[in-house]
Amino acid sequence: MVQFKNRYLVMEILVDLNRETGDPDPIVLSGFNVTKAIKDSIQLNFGECGLASSLLSFQVKYVNPITKICIIRASRDDHKMIWASITMVRSIGRCPVTFNLLDLSGCIRVCRRKALECDETKFEQYKLLYGDRVTPEIEKSVKSNFERIKALEN
């Protein structure tokens, strides 16, 4: 049996704070939004052939809309092309964003640990920043995201 070799990218999505909207967080990040933005970037920069070759293993495994951490799976052969395309993504929807690579690994377990560590750190920063505005629903949502990340497997 042939095993596919994958790479996992732990990415941080940085939302541009210099936007003109008064809403503190106008975009709801979801796996669908992130996937669409990356696929559009792959097609724009590498054409249909690049998009077709990368779609075999490309998957957004996890997205936390509060801490803005995501895990992306790519094949070992195409991970550099996908990484380059992610670097060239400038907006999700109409909200300007930038991606920052936090970790690149060939094993989901290592990425899971790194993403959980980053998620917990960023949520502590989020609580310090927003203070009283952190509702129990938000805390419950983040805790469920922590459980989702712990349950990630191939």
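This is a predicted model: local features need pLDDT of at least 70, side-chain atom pairs count only at pLDDT 80 or more; totals for chains, interfaces and linings use all residues.
**Entry 1: the main core.** I looked up the largest nonpolar core and found 24 residues in it. Ile13, Val34, Ile38, Ile72, Ile92 and Phe99 have the most contacts inside this core. I then checked which elements contribute. At least two core residues come from each of strand E1 (6-15), helix H1 (31-54), strand E2 (59-64), strand E3 (69-75), helix H2 (79-87) and strand E5 (95-105). H1 gives the largest share, 5 residues.

Entry 2: I picked Ile13 and listed what it touches, leaving aside residues up to four places away in sequence. The list is Leu29, Val34, Lys68, Cys70, Ile92, Val97, Thr98 and Phe99.

**Entry 3: another core.** I noted a second, separate core of 17 residues. Among its members are Ile71, Ala115, Phe123 and Leu152.

**Entry 4: helix H2.** Which residues of H2 are buried? I found His79, Met81, Ile82, Ser85 and Ile86. These residues lie on the same side of H2, because they cover an arc of only 160° around the axis. I also looked at what they pack against, and recorded E1, H1, E3 and E5.

**Entry 5: H1 with H2.** I checked how the two helices are set. Their axes come within 8 Å and cross at roughly 160°. The crossing is right-handed. On the H1 side, I listed Ile38, Ser41, Ile42, Phe46, Gly50, Ser53 and Ser54. They meet Met81, Ile82, Ala84, Ser85 and Ile86 of H2.

Notes: Residues are numbered from 1 along each chain as its sequence is written. Side-chain values use heavy atoms; hydrogens and water are left out. A nonpolar core is a set of buried Ala, Val, Leu, Ile, Met, Phe, Trp, Tyr and Cys residues joined through side-chain atoms within 4.5 Å. Buried means under 20% relative accessible area, exposed over 50%, partly exposed in between (1.4 Å probe, protein chains only). Helices (H or I, at least four residues) and strands (E, at least two) are DSSP runs, numbered from the N terminus. Contact means heavy atoms within 4.5 Å. The arc is that of the directions from the helix axis to the C-beta atoms. Axes are lines fitted to C-alpha atoms, for helices over the stretch in contact, and angles run from 0 to 180 degrees between N-to-C directions. A crossing is left-handed if the near helix is turned anticlockwise from the far one by less than a right angle, and right-handed if clockwise.
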